[in-house]
Amino acid sequence: YTTNDATFEITGVQLEVDHTGSGVATDFEHRSFAQELALCQRYCQVINPRATGWIVSATQVRFSVDWVTQMRSNPTCTLGSAFVQYGPGGQQSGTLQGFDSISVNGCIPIINTGGGMTTNAPATGGITMTASAEL
């Protein structure tokens, strides 16, 4: 390594702390991509679900959103965008009023629209949102 800016690359190494004092290494841990992704999704999920909900007033819809995998703790939620599809052909963009019932399994985004929806009717919609339970 006598060349400036030389690179030393290594892979397939696992570092461990020897809590037992035995000096014996454990077997190398191999995880599948799906398993690693699920472990990451416990901390952060950026989702774009097609959601179903209920129109609670002419201007408000409550959706039910389930997380892809259970979060490690109740997350902080932020909404990117939303639209509401209702009745025969009606569609409106929506703004976030707030979130209800945030848990490790999901939440209920409360979306406000321009009005004109039929109260106590089902609705569908699209939501772009982030759930973060980072340390």
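1. Gln45 touches Trp67, Val68, Thr69, Met71, Met129, Thr130 and Ala131, leaving out residues up to four places away in sequence; contact here means heavy atoms within 4.5 Å. Gln45 sits in strand β1 (residues 44–47), where strands (E, at least two residues) are DSSP runs numbered from the N terminus. With a relative accessibility of 3%, Gln45 counts as buried; buried means under 20% relative accessible area, exposed over 50%, and partly exposed in between, using a 1.4 Å probe and protein chains only. A polar atom of the Gln45 side chain lies 2.9 Å from the backbone nitrogen of Val68.

2. This is a predicted model, in which local features need pLDDT of at least 70, side-chain atom pairs count only at pLDDT 80 or more, and totals for chains, interfaces and linings use all residues. Residues are numbered from 1 along each chain as its sequence is written, and side-chain values use heavy atoms, with hydrogens and water left out.

3. The largest nonpolar core has 22 residues. Such a core is a set of buried Ala, Val, Leu, Ile, Met, Phe, Trp, Tyr and Cys residues joined through side-chain atoms within 4.5 Å. Trp67, Val84 and Met129 have the most contacts inside this core. Two or more residues each come from β2 (50–57), β3 (60–66), β4 (76–86), β7 (106–112) and β8 (121–132). The largest share, 5 residues, is given by β8.

4. What does Val84 contact, apart from its neighbours within four places in sequence? The list is Val61, Phe63, Gly90, Gln91, Gln92, Ile111, Thr113, Met117, Ala123, Thr124 and Gly125.

5. How many salt bridges does a search of the whole structure find? The search finds 2, a salt bridge being a side-chain nitrogen of Lys or Arg within 4 Å of a carboxyl oxygen of Asp or Glu.

6. Arg62 forms a salt bridge with Asp100, and the closest N and O atoms are 3.4 Å apart. This pair links distant parts of the chain: Arg62 belongs to strand β3 and Asp100 to strand β6 (residues 95–100), 38 residues apart. Arg62 is partly exposed at 32% relative accessibility; Asp100 is partly exposed, with a relative accessible area of 31%.

Conventions:
Helices (H or I, at least four residues) and strands (E, at least two) are DSSP runs, numbered from the N terminus. A polar contact is a pair of N or O atoms within 3.5 Å; within protein, one must be able to donate a hydrogen and the other to accept it, and residues adjacent in sequence count only if both atoms are side-chain atoms.
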